Amino acid sequence: MNRLLNKVALISGGAKGIGKYTAQLFAKEGASVIIGDKDLLTCKKIATDISSEGYQCSALYLDVTKESDWVNTISDVMSNFGKLDILVNNAGIYSTIPIEKTPLEDFNNVISVNLTGMFLGTKHAIPALRAAGGGSIVNMSSTAGLVGNIGSGAYGASKGGVRSFTKYTAIQHAIESIRANSIHPGPIDTDMLADKLANLESRAASESKVPMGRIGTVDEVAMAILFLASDESSYITGAELAIDGGLTAR
């Protein structure tokens with residue numbers, strides 16, 4: 001416990017799944033946590049539940065595709081907490097539409113949320129992290145950002161962009177002790193894959209592709225995010241961490 005004592009952490013997409021569990025974990029580890037999401041009602045409930053256990057958590061409305069929302073969010077964090085130590089760019093949407101059938105509007109929407117949202121968060125968090133003397137940025141990519149697949153194209157492009165952008169961030173701000181690393185989950189039991197995993201045949205097919213033979217859990221991803229957010233990973237930047245049961249090791 002207290003691996004994030006006295007740290008202030010902002011997590012986008014905190015209303016469910018990995019973002020929600022990461023917020024709970026960070027708070028238990030001593031951080032003051034701010035969760036941002038378009039679903040403010042759910043975010044507020046999560047923040048209330050976490051706070052009722054004696055931890056520090058608050059919620060803000062955040063549409064990651066809107067630069068003004070990021071400006072306001074960082075401003076609120078600085079006004080209320082005085083600093084920012086950790087940014088987790090977790091917000092994202094999923095798509096499995098093959099390239100040839102992908103409407104331009106859908107492609108742009110996936111890129112806007114998954115890639116542009118991460119860029120905007122990073123851009124506006126950097127001055128706050130610099131003022132704190134450094135910090136950690138953890139970006140949510142995917143195994144789809146490492147290898148290709150038969151589905152989607154837009155999703156893979158967005159997550160590949162996150163992987164590359166993370167490395168540029170790491171190089172440009174290493175001298176300021178601002179670290180940036182990307183997380184690459186494989187199939188994880190979240191709301192994003194709920195329909196697919198609810199089908200026993202589809203679940204078995206997904207599990208068969210993973211060397212460990214099972215679907216990952218949100219807590220396994222959140223624990224990796226915690227490590228990269230904490231000072232335990234102080235000499236790690238520009239890295240990509242696959243949490244995929246060996247899926248991309250083949």
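# Close-up views of a predicted model

**View 1. Asn139 and its surroundings.** Leaving out residues up to four places away in sequence, Asn139 touches Asn89, Met118, Thr122, Val162, Thr166, Asn181, Ser182 and Ile183. The model shown here is predicted. Asn139 sits in strand β5. Is Asn139 buried or exposed? Asn139 counts as buried, because its relative accessibility is 1% and the cut-off for buried is under 20%. One of the residues it touches is Thr166. The side chains of Asn139 and Thr166 are joined by a polar contact of 2.9 Å.

**View 2. The sheet, strand by strand.** Seven strands form an open sheet with parallel pairing. Read across the sheet, the order is β3-β2-β1-β4-β5-β6-β7. Which strands are at the edges? They are β3, residues 56–61, and β7, and each pairs on one side only. Neighbouring strands are turned against each other by 20° on average, direction ignored. As background, strands of a sheet pair through backbone hydrogen bonds, either parallel or antiparallel.

**View 3. Strands β5 and β6 side by side.** Strand β5 covers residues 135–140, and strand β6 covers residues 178–185. The two strands run parallel. How many bridges join them? There are six. Look for Met140, which stands opposite Ile183 in β6.

View 4. Helix α2, residues 40–52, lies across β2 and β3. Strand β2 spans residues 32–37. The helix runs at about 170° to β3. Helix α3, residues 67–81, also packs on the sheet. Which strands does α3 touch? They are β1 (8–12), β2, β3 and β4 (86–89). The direction of α3 makes about 150° with that of β3.

**View 5. Helix α3 against helix α4.** Two packed helices are described by the angle between their axes and the distance between the axes. Here α3 and α4, residues 104–131, pack at an angle of about 35°. Their axes are 10 Å apart. The crossing of this pair is right-handed. From α3 come Glu67, Trp70, Val71, Ile74 and Met78. They meet Gly117, Leu120, Gly121, Lys123, His124, Ala125 and Ala128 in α4. What kinds of residue make this contact? Seven are nonpolar, three are polar and two are charged.

**View 6. His124 in the helix contact.** His124 belongs to helix α4. Setting aside neighbours within four places in sequence, His124 is in contact with Glu67, Trp70, Val71 and Ile74. The side chains of His124 and Glu67 are joined by a polar contact of 2.8 Å. The relative accessible area of His124 is 18%, so this residue is buried.

View 7. Glu240 is part of strand β7, residues 240–243. Which residues does Glu240 touch, not counting those up to four places away in sequence? They are Leu146, Arg163, Lys167, Ser182 and His184. Two of these contacts deserve a second look. A polar contact of 2.7 Å joins the side chains of Glu240 and Arg163. Another, of 3.1 Å, joins the side chains of Glu240 and Lys167. Glu240 has a relative accessible area of 32%, so it is partly exposed. Thr166 is 74 residues from Glu240 along the chain, yet their C-alpha atoms are separated by 8.8 Å.

**View 8. Tyr94 in a loop.** Tyr94 lies in the loop between β4 and α4. Tyr94 is partly exposed, because its relative accessible area is 37%. How far apart are Tyr94 and Asn114 in space? The C-alpha to C-alpha distance is 8.9 Å, while in sequence they are 20 residues apart.

**View 9. Asn6 and Ser152, with positive phi.** Most residues other than glycine have a negative phi. Asn6 has a positive phi, near 70°. Ser152 also has a positive phi, near 65°. Where are these residues? Asn6 is in the segment before β1. Ser152 is in the loop between β5 and α5, where α5 covers 154–173. Asn6 counts as exposed, because its relative accessibility is 58%. Ser152 has a relative accessible area of 9%, so Ser152 is buried.

Conventions: Residues are numbered from 1 along each chain as its sequence is written. This is a predicted model: local features need pLDDT of at least 70, side-chain atom pairs count only at pLDDT 80 or more; totals for chains, interfaces and linings use all residues. Side-chain values use heavy atoms; hydrogens and water are left out. Helices (H or I, at least four residues) and strands (E, at least two) are DSSP runs, numbered from the N terminus. Buried means under 20% relative accessible area, exposed over 50%, partly exposed in between (1.4 Å probe, protein chains only). Contact means heavy atoms within 4.5 Å. A polar contact is a pair of N or O atoms within 3.5 Å; within protein, one must be able to donate a hydrogen and the other to accept it, and residues adjacent in sequence count only if both atoms are side-chain atoms. Two strands pair if DSSP finds at least two bridges between them. Axes are lines fitted to C-alpha atoms, for helices over the stretch in contact, and angles run from 0 to 180 degrees between N-to-C directions. A crossing is left-handed if the near helix is turned anticlockwise from the far one by less than a right angle, and right-handed if clockwise. Ala, Val, Leu, Ile, Met, Phe, Trp, Tyr, Cys and Pro count as nonpolar, Asp, Glu, Lys and Arg as charged, and the others, Gly among them, as polar.
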